[in-house]
Amino acid sequence: AKENTMNAFLRSSLVIIALSFSTTAFAQDDGRKNREERRALKMSEVNNMSNMSEAYRQAAHEKRLESIDRAKDMLSGGALNGEAKAKVQFRLAEMYFEEGRFYYFNEMQEYQKKYDDCFNGIPKGCDVNKMSPDNTESRKWQKSAIRLYDGILRNYPQYQRADEVLFYLGSAYQEIGEPDKAKAQFVRLTKEYSGSKYTATAFVQIGEYFFDRNKAYEALQ
């Protein structure tokens, strides 16, 4: 009887917590939508790009392009295979994504300038509510990275850093605004690599996915 009472108490407590989360989620729906939309920008800020000088950013960009060319030459030479090839592909994917962030930062700077001008009536009749950034160039690089991540997992499933590749793939989908695909990768990570150091963070991202959609009970689980 004591055990049944305790179980009932725990279930009731869980429901109360879930309901509390649901109420908060409903009240802050707009705020979470904004957070979802800003996620890519927040991830880019990890690089402290906004604090870098323009000269430093440009130099890093040029150096990265040189490294990308060297990696592509190594892969096209035919000398690499197996783990060694997967390693170079992984590094190339990371550089592709960093290039995507470089262009994203530039795109958002340009968008901010146009937004400010429009807000101040330049050109006349401009409507800020109809404005949106052009992320064509950054998306091109980011999607190239995604194709490489996906190829590594498909062609080299035994790669020793496959769990890391999978986590980066999920994060990449998150950054380009495809949360459903991102969640699928994080779920896969928790199932296929339960002992990975990235598993705990993957669970957090899955929880965030559900919480952002007012599914507090699933998020709580």
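A pocket is an open set of grid points, where a 1.4 Å probe fits, with protein on both sides within 12 Å along at least five of seven lines, and its lining residues have an atom within 4 Å of a point. The legends below describe a predicted model.

**Figure 1. The second largest pocket and the residues at its centre.** The lining of this pocket is made up of 12 residues. Phe 97, Glu 98, Arg 101, Tyr 149 and Tyr 168 are the ones that lie nearest the centre of the pocket. The volume of the second largest pocket is about 200 Å³.

**Figure 2. The composition of the pocket lining.** By residue class, the lining of the second largest pocket comprises 6 nonpolar, 1 polar and 5 charged residues. Helix 4 (82–119) and helix 6 (162–175) each contribute at least two residues to this lining.

Figure 3. Ser 138 belongs to helix 5, which spans residues 136–155. Ser 138 counts as buried because its relative accessible area is 0%, and buried means under 20%. The side chain of Ser 138 forms a polar contact of 2.7 Å with the side chain of Glu 107. Apart from neighbours within four places in sequence, Ser 138 touches Gly 100, Tyr 103, Tyr 104 and Glu 107.

**Figure 4. The protein chain as the setting of these views.** The protein chain contains 9 helices and 0 strands. Of its 221 residues, 38% count as buried. Among contacts with a separation of 6 or more, 66% join residues 24 or more positions apart. The accessible surface of the protein chain is about 13,700 Å², and 53% of this surface belongs to carbon and sulfur atoms.

Definitions and conventions
Residues numbered from 1 in each chain as written. Predicted model: local features only at pLDDT ≥ 70, side-chain atom pairs only at ≥ 80, totals over all residues. Heavy atoms only, no water. 1 Å grid on protein atoms, 1.4 Å probe; cavity = no way out; pocket = protein on both sides within 12 Å on 5 of 7 lines; lining within 4 Å. Points joined across faces, edges and corners; volume = space filled by probe spheres on them. Helix = DSSP H or I, 4+ residues; strand = E, 2+ residues; numbered from the N terminus. Nonpolar A, V, L, I, M, F, W, Y, C, P; charged D, E, K, R; others polar. Buried < 20%, exposed > 50% of the residue type's maximum accessible area, 1.4 Å probe, protein only. Polar contact = N/O pair within 3.5 Å; in protein donor to acceptor, adjacent residues only side chain to side chain. Contact = heavy atoms within 4.5 Å. Areas by Shrake-Rupley, 256 points an atom, 1.4 Å probe, with all protein chains shown as cover.
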